[in-house]
Amino acid sequence: MGENFRGVKMLLEIIIVFIIVLFLLYFGYLYNSLVQLRNRVENAWSQIDVQLKRRADLVPNLVETVKGYAKHEKTVLENVTRARSALMDARGVGEVEKADNMLTGALKSLFAVAENYPNLKANENFLKLQEELEEIENRIAYSRQFYNDTVLMYNNKCQMIPSNIIASLFNFKEAEFFQIEESSRKLPKVKFE
C-alpha cells in the first residue's frame, strides 16, 4: 500500500508541476502580447508623427508661395505659421491632436484665400505643393486609422480578463485615441435650389 501511495503522490506532484508550468507559460504569453501591442501602438504613433512632420515641413514653402500673391492676407499666413509651430512643439497625443486640428483649420483658411487669387491657383509651384499636401493628408488619415485600430486592440487587452490582471500588475497603461476636432464631426449642410 505504501508504494501505491508514493505512486499517487508522485503523479499528483507531476500534475501540479505541469499545471504550474502551463500557468507560467500562459502568464508569459499574456505579458508578451501586452508588450507587443504596446510597441505596435508606439510604432503606429511614430508613423503619424512622421507624416505630421512631413506636412509641417511643407507649410513654409506653401506660405512663401501664397505670400508672393496674397500680400495683404497677413493674418491667414501668420495663423498658418503659428499653427505649424504649435504642432512642432506639441508632445503627447492630446497636444498633437489639438495642434494638428489647429493647423488643419489654418490650412483650410489658406486654401480658401487662394481661391480669390486666380494667378496663385494657376501657379505650378502652388499646384505641386497642394498636390503633395493632399497626398500627405491621405497618409495621415491612414496612419490615424491604423493607430486607432492598434490602440483599440491594446486597450481591449488591458481591460479584458485575464490579461487585465497582468496589465495592472506590470503597469500597462491604456493608450489615447487620436480624435478629430469636434467641429469636423458636424455634417455640412447642403442646399439645392
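## Reading the helices and rings of a predicted model

Reply: Let's start with F126, which counts as buried at 1% relative accessibility; buried means under 20% relative accessible area, exposed over 50% and partly exposed in between, with a 1.4 Å probe and protein chains only. This is a predicted model, where local features need pLDDT of at least 70, side-chain atom pairs count only at pLDDT 80 or more, and totals for chains, interfaces and linings use all residues. Residues are numbered from 1 along each chain as its sequence is written, and side-chain values use heavy atoms, leaving out hydrogens and water.

Me: Which ring pairs with F126, and how do I read the geometry?

Reply: Rings of Phe, Tyr and Trp (its six-membered ring) pair if their centres lie within 6.5 Å; planes under 30 degrees apart are stacked, over 60 edge-to-face, and the rest tilted. The ring centres of F111 and F126 are 5.8 Å apart with planes at 50 degrees, so this pair is tilted. F111 lies in helix α3 and F126 in helix α5, so the pair ties together parts 15 residues apart in sequence. Helices here are DSSP runs (H or I, at least four residues), numbered from the N terminus. F111 is buried too, at 17%.

Me: How many aromatic pairs are there in the structure?

Reply: There are eight. Another tilted one joins W45 and F178, 5.6 Å centre to centre with 35 degrees between the planes. W45 sits in helix α1 and F178 in the segment after α6, so that pair links parts 133 residues apart in sequence.

Me: Which residues have the most contacts inside the largest nonpolar core?

Reply: As background, nonpolar side chains tend to be buried together in soluble globular proteins. A nonpolar core is a set of buried Ala, Val, Leu, Ile, Met, Phe, Trp, Tyr and Cys residues joined through side-chain atoms within 4.5 Å. The largest one here has 48 residues, and L62, V80, L107, L110 and Y147 have the most contacts inside it. Helix α1 gives the most to this core, with 15 residues.

Notes
Helix = DSSP H or I, 4+ residues; strand = E, 2+ residues; numbered from the N terminus.
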